[in-house]
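These are my notebook entries on what I looked up in the structure below.

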Amino acid sequence: MPELVWTPRNGGHWMATTGRLISHIFADYKRFSSRVLFVPKENGEHHQLPPSTIDPPTHRPYRALITNGLSPRGVAAIEDRIRTMAASLIEDLRPNGRCNFTTDYAEQLPVRIFMNMVDLPMEDAPKIKYWVDQTTRPDGTMNYADAIAALVSYMAPWTEARRGGLGTDLITGIVNGKVGDRALTPKEAAELCAQVLVGGVDTVVNMLSFIMLHFATHPESARELVETPELIGIAVEELLRRFPIISDGREIAGDMEFEGVAMKAGEMIVLPTVLHGLDENENPDPLTVSFHRSTANHSTFGNGAHKCPGAHLARVEIRITLEEWFKRIPVFSVDPAAQITFSCGVVGCVDRLPLIWDPATTSDAA
Amino acid sequence: MAKIIFKQPDGESVDIDARNGFTLMEVAVNNGVVGIDGECGGGCSCATCHVYIDANFIDAIDPPTEYETDLLECIVGYTERSRLSCQVKVSDALDGILLTIPSDQGLA
C-alpha cells in the first residue's frame, strides 16, 4: 500500500497509511492545520472547539487550561476512587455469571469518574454521551452542527455559574483560568468545557471494550496477566498499540509538495491511528498481542501539540480495570449466542459485548 | 530498549529499562520518577518535564523544534543542555543516558 492515498469518499481526502507519516503529520502543525479535524469536511467545519481546533502558538495557553487536573499528579489524587469504583462495579456483576460489558462496565467507569472530575450530575451523562456520539459516530438522528451547539449550550450555564468559584473540579479550573492576562469569554469557556466532554465520554469507554473482547477471545493472554499481574503495566501499552480507536485528521495549510505528492490548501488528510500500531515496520508481527515486545510504537494518543491530555488518566483507568477484573473474574468468554459487531467513525466502537463466566471460578478478592 | 538513568532533585538516581517508542516523560511518569510532572500530557505546552541531557548524548538526539525551543527559553534554569522530556523518544541510541532533573519545574 502507498504511504499516502486519496479517496473520493467522505467528501474526498488524503489518508496516511504508515506510522512514520501518521506521527509526523500529527505534529507538523505548520503544514497540517488543526482548524478542521474531521471528515467529511462540511461536518468537521462545525467542530470548532478550542484547544483542539487551534494551531500553535495560539493553542498553548488554551491547552494549559484543560490539562490541570488531568496531570499525573491530578490523576494520582483520584486513583483510589477509581479503584474503589472499578472494584464495586465488577463485584456487582461477578455473581451473575454474565454481563454486557459495554453498558455494564465500559460506559460506567470512565463516565462516572469523568462526571465526578467535572462535577456535573451523573443523570446528565446519557444525554452528554448521546450528543458526543453524534459528533464521533453520527447515527443520523441529529445533525453535526446541532450536536456541537447542544454541548456548548449545555455547558454555558455551568461554566458561568462557576466563574469565581473555589471548587476543585475541571470546569472551575478552566473558567477561572486566563489566556495571557485576560479572562476567558463565556463562549470560550463553554467551548473549552464542551471539548473536555467530547474527550471524556467516548474514548476509554470504547478502548476498554476492544481490550476485553481480546481477552475474552484469547484466554491464554488473559491467563498470562492473571498469573503475572506485574505485566499489566506493560500490557496496557501493548493494548493501546494494538487497539487504537481514533481516526481524525488535519487540513492542508497551503499548497505544497509533500512526499512527492501535490497537496492543495484546504484538502483534508485523515490519520487513522490504527495504521500506526499495526505498521509492521514499526512493530513486527503487529496483529499479535504480546506483552514481551521491546517497542511500543503507536500514535494512539496522537502526537505533537495536541497529544491527548487525558492519556495518563486513560492508562490508569485501563490498568486498574485489568487489575481488579482479573483478580475477581480470571476466566471469561464471549456469550456464544452473541454476535459481535462494530461501528466506525471518528471513534470506533464495539456495539455490544456480552460476556459469560462461571461464578464458581471467580473470587471476591477480599 | 535503553537504560535510562534519571538523577532526581534529591540526588538519588533511578535506572529504568525503557522500551523504544515511549517519550522520556512517559517513562518517568509511568515509573514514579520524582521531579518530572508532565502536567500537559506531552503536548509541549506546560514545561514541567524539563531535564538536562547528558553531554555525551546531545548528538544522539534530534535537536528541539522551534516550538519546543520557544518554550524552553522561558523556563527556570534553561541551558543549552535543556530538553522537554515529552519531546524525546526512547531509542537504542539512548542506552545509558543520564538525565538530570532540575529542582524546579515550569515557566520562569
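**Entry 1: conventions.** I took helices (H or I, at least four residues) and strands (E, at least two) as DSSP runs, numbered from the N terminus. The model is predicted, so I kept to its thresholds: local features need pLDDT of at least 70, side-chain atom pairs count only at pLDDT 80 or more, and totals for chains, interfaces and linings use all residues. Residues are numbered from 1 along each chain as its sequence is written, chains are lettered from A and ligands numbered from 1 in the order in which they are written, and side-chain values use heavy atoms, with hydrogens and water left out.

**Entry 2: pockets.** I searched on a 1 Å grid over the protein atoms alone: a cavity is a set of points where a 1.4 Å probe fits but cannot get out, and a pocket is an open set with protein on both sides within 12 Å along at least five of seven lines. Lining residues have an atom within 4 Å of a point. Points are joined across faces, edges and corners, and a volume is the space filled by probe spheres set on them.

For the largest pocket I noted a volume of about 1000 Å³. Its lining has 35 residues, and nearest the centre are Ala27(A), Asn303(A), Asp62(B), Thr65(B) and Gln87(B). Helix 1 (19–27) of chain A and helix 2 of chain B each supply at least two lining residues; helix 1 of chain A gives the most, with four. I classed residues as nonpolar (Ala, Val, Leu, Ile, Met, Phe, Trp, Tyr, Cys and Pro), charged (Asp, Glu, Lys and Arg) or polar (the others, Gly among them). By class, this lining has 13 nonpolar, twelve polar and ten charged residues.

The second largest pocket has about 690 Å³. Of its 31 lining residues, Glu26(B), Val27(B), Val29(B), Asn30(B) and Asn31(B) are the closest to its centre. I found at least two lining residues from each of helix 4 (72–93), helix 13 (232–242) and helix 15 of chain A, and from each of strand 2 (13–18) and helix 1 of chain B. Helix 1 of chain B gives the most, with five residues. The lining divides into 13 nonpolar, seven polar and eleven charged residues.

**Entry 3: cavities.** How many cavities of 30 Å³ or more are there? I counted three. Helix 10 of chain A gives the most, with five residues. I recorded 24 nonpolar, 15 polar and four charged residues in the lining.

**Entry 4: the interface of chain B and chain A.** Counting contact as heavy atoms within 4.5 Å, I found 22 residues from chain B and 26 from chain A. Buried area is the accessible area (1.4 Å probe) that two parts lose on being put together, summed over both. Here it is about 2100 Å², of which carbon and sulfur atoms give 46%. In chain B, Arg19(B), Glu39(B) and Tyr67(B) lose the most area, together 33% of what that side buries.

I then listed salt bridges (a side-chain nitrogen of Lys or Arg within 4 Å of a carboxyl oxygen of Asp or Glu). The interface has five. Arg73(A) forms a salt bridge with Glu39(B), with the closest N and O atoms 3.7 Å apart.

**Entry 5: salt bridges overall.** I found 34 salt bridges over all chains. Glu45(A) pairs with Arg35(A), the closest N and O atoms being 3.3 Å apart. Glu45(A) lies in the loop between helix 2 (41–44) and helix 3 of chain A and Arg35(A) in the loop between strand 3 (32–33) and helix 2 of chain A, so the pair ties together parts ten residues apart in sequence.

**Entry 6: backbone.** Where are cis peptide bonds found? I noted one that joins Val39(A) and Pro40(A), with omega about -10°; Pro40(A) lies in the loop between strand 3 and helix 2 of chain A. Another joins Pro50(A) and Pro51(A), with omega about 0°, and Pro51(A) sits in the loop between helix 2 and helix 3 of chain A. I also noted that Glu259(A), although not a glycine, has a positive phi of about 55°. Glu259(A) lies in the loop between strand 8 (256–258) and strand 9 (261–263) of chain A.
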